[in-house]
Amino acid sequence: MKKLVLFLSISFGIFGQEDSLSQKSLQLSAYAEGYYLLDPADKLAHERDPFFYNHGRANQLDLNLGILGLSWTKGPLSAQISGMIGTYARRNLANEPSFWKNVFELNVSYRLHPEWTIIAGVFPSHIGFESAKNSQNWTLSRSLVAEYSPYYESGLSLYFKPNTAWTFGLFGLRGWQHIQEFRPALGTQIQFISSKSWTWNSSGFIGNEGNGLRLFHDFYLVIPLSSKIKTVLISDLGYQNEFWHGEALMVQAQLGGHWKLTSRWEQFSDPKAISMAQATYVQSASLGADYKLFPKVLLRSEWKIYHSSTGVSNLHSPEYIFGVVLGK
């Protein structure tokens with residue numbers, strides 16, 4: 001609790017300085033996600049099932065992700081370094097050596113040409129609609145397809161952006177969300193964003209994760225239904241001796257200038273425990289409400305229910321999550 005309050009206080013101080021540094025080559029930034037997850041089935045503070053990589057503690061105020069970062073730019077060359085703490089870092093990087101457990105980004109990029117950029121180091125994953133940073137997501141909790149695909153990657157990435165609509169990516173990676181361990185893998189990405197904000201994205205992965213060749217594809221389609229309502233369809237399909245898959249549908253509505261409502265339905269099936277620790281089939285639905293208090297302060301809440309026919313013994317339903325996001 002004391003660590004959370006201290007980090008949020010430091011973050012507010014840095015947020016006040018960020019704009020004055022934005023025109024300089026050296027920029028300091030901070031980001032924080034505080035949360036309280038209410039689990040009515042067990043009213044004592046406790047660790048949630050390892051099934052979840054975010055919001056790992058229930059019935060107590062905690063920090064899911066806190067980031068302090070430094071970026072440097074000079075001409076076509078730039079560097080990013082940022083460290084992190086929180087329940088996300090403890091769970092999602094549990095298998096990394098001590099030094100890497102608190103690294104969010106550590107990379108160097110070079111713009112070879114206005115259309116070509118190369119990045120080397122540790123960087124956010126090219127796979128999926130959702131990010132490790134909650135400010136970039138439609139919902140407070142992450143979907144199951146986000147939890148069971150990489151949040152971060154390490155290696156080399158090459159981006160080609162011929163115009164404002166199309167982006168192409170090719171990735172030489174150290175594996176499926178690995179920093180220290182080396183399992184050579186390849187990744188691909190093709191993204192199209194129309195002038196009317198339709199977004200079509202296809203991301204792929206191929207690599208040997210120690211028990212056979214892993215093939216994986218993530219697809220999502222963002223459809224603006226009106227000026228106030230948009231939806232996204234997400235589909236993940238993986239194969240490594242056996243198939244697993246996940247699907248999600250989200251609908252978001254903008255209410256006035258400060259409020260947003262988002263609903264989500266999802267399912268995830270891994271009958272041979274390839275991606276998950278145990279054979280699992282889970283369905284979930286949620287409804288969330290967001291209020292933008294200030295440009296860099298977002299208040300979030302979410303009600304969530306689960307149904308699991310197999311696999312997850314400690315999956316309490318319903319649960320309620322309340323959060324505050326500071327930064328972008």
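Among contacts in the chain (heavy atoms within 4.5 Å) between residues at least 6 apart in sequence, 51% join residues at least 24 apart. The structure is a predicted model, in which local features need pLDDT of at least 70 and side-chain atom pairs count only at pLDDT 80 or more, while totals for chains, interfaces and linings use all residues. Residues are numbered from 1 along each chain as its sequence is written, and side-chain values use heavy atoms, with hydrogens and water left out.

The chain contains three helices and 18 strands; these are DSSP runs numbered from the N terminus, helices being H or I of at least four residues and strands E of at least two. A compact globule of 328 residues would have a radius of gyration near 20 Å, and the 20 Å of the chain therefore agrees. This radius is taken over C-alpha atoms, and the globule rule is 2.2 Å times the number of residues to the power 0.38. Along the principal axes, the C-alpha atoms fill a box of roughly 55 × 50 × 45 Å. Of the 328 residues, 48% are buried, where buried means under 20% relative accessible area, exposed over 50%, and partly exposed in between (1.4 Å probe, protein chains only).

Serine 269 illustrates a buried position. Serine 269 lies in strand β15 (residues 259-270) and counts as buried because its relative accessibility is 13%. Apart from residues up to four places away in sequence, serine 269 touches Trp244, His245, Thr280 and Tyr281.

A pocket is defined on a 1 Å grid over the protein atoms alone as an open set of points where a 1.4 Å probe fits, with protein on both sides within 12 Å along at least five of seven lines; lining residues have an atom within 4 Å of a point. Grid points are joined across faces, edges and corners, and a volume is the space filled by probe spheres set on the points.

The largest pocket holds about 1000 Å³ of space. Its lining comprises 46 residues, of which Glu105, Pro124, Ser131, Lys133 and Gln136 lie nearest the centre. Strand β7 (residues 116-124) gives the most to this lining, with five residues. The lining divides into 20 nonpolar, 17 polar and nine charged residues; Ala, Val, Leu, Ile, Met, Phe, Trp, Tyr, Cys and Pro count as nonpolar, Asp, Glu, Lys and Arg as charged, and the others, Gly among them, as polar.

The second largest pocket holds about 750 Å³ and is lined by 31 residues, with Tyr53, Asn95, Trp176, Gln177 and Ser275 nearest its centre.
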